Amino acid sequence: MSKTAIVYWTSTGNTQAMANAVAAGAAAGGAQADIFTAAQFNSAVAAEYDCIAFGCPAMGAEQLEESEFEPMFNSVKAAASGKKIGIFGSYGWGDGEWMRTWEDDCRSSGLSLVSDGVVCNESPDDGALAECEMLGRALA
């Protein structure tokens, strides 16, 4: 059984709902799925997992949350190398540019994404939650 970590940061609950759907998909795919907030996750924890899903909403000028999530993400990139990685998040303005930038950053850092990032505008609807579950299954 593979072990999948789902790591997220949220301010409104949208990304948390997406994280729960990713976890449900990973569990349905046969993986052990554990959910962490960004504050609970570090390189030592990352080393214990086969797969990691990272979730963060777009903040400011379409960027990752800068005070907690982005520093954690940058600090675990080396530990995440060689693992299956998924990314997801929501946005409330713009066109989701932050996700494309984040995908590029992952790929240029040598992280192996199992799919394009899963995005939704504002609160995740049934379609976005289904995409999150598929991401979890792809990780499992």
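Which residues are buried in α5? This is a predicted model, and in it the buried residues of α5 are Ala128, Cys132, Leu135, Gly136 and Leu139. Seen down the axis of α5, these buried residues fall within an arc of 100°, so they line one face of the helix. An α-helix has 3.6 residues a turn, so residues three or four places apart point the same way. The face of α5 turned away from the buried side carries Asp126 and Met134, which are exposed.

Helix α5 covers residues 126-139, 14 residues in all, and reaches 20 Å from its first C-alpha to its last. That is close to the 20 Å expected at 1.5 Å a residue. At the start of α5, a side-chain oxygen of Asp125 comes to within 3.1 Å of the backbone nitrogen of Gly127.

What covers the buried residues of α5? The cover includes β1, α1, β3, β4 (84-91) and β6 (118-121).

Strand β1 spans residues 3-8, and five of its six residues are buried. It pairs in the parallel sense with β2 (residues 32-37) over six bridges, and five bridges join β1 to β3 (residues 51-55), also running parallel. Ile6 shows both pairings: its bridge partner in β2 is Ile35, and its bridge partner in β3 is Ala53.

Helix α1 (residues 14-28) belongs with two of these strands: β1, α1 and β2 make a right-handed β-α-β unit.

Terms used:
Residues are numbered from 1 along each chain as its sequence is written. This is a predicted model: local features need pLDDT of at least 70, side-chain atom pairs count only at pLDDT 80 or more; totals for chains, interfaces and linings use all residues. Side-chain values use heavy atoms; hydrogens and water are left out. Buried means under 20% relative accessible area, exposed over 50%, partly exposed in between (1.4 Å probe, protein chains only). Helices (H or I, at least four residues) and strands (E, at least two) are DSSP runs, numbered from the N terminus. Two strands pair if DSSP finds at least two bridges between them. A crossover is right-handed if, with the strands pointing away from the viewer, the path from the first strand over the helix to the second runs clockwise. The expected span of a helix is 1.5 Å times one less than its number of residues. The arc is that of the directions from the helix axis to the C-beta atoms. Contact means heavy atoms within 4.5 Å. A polar contact is a pair of N or O atoms within 3.5 Å; within protein, one must be able to donate a hydrogen and the other to accept it, and residues adjacent in sequence count only if both atoms are side-chain atoms.
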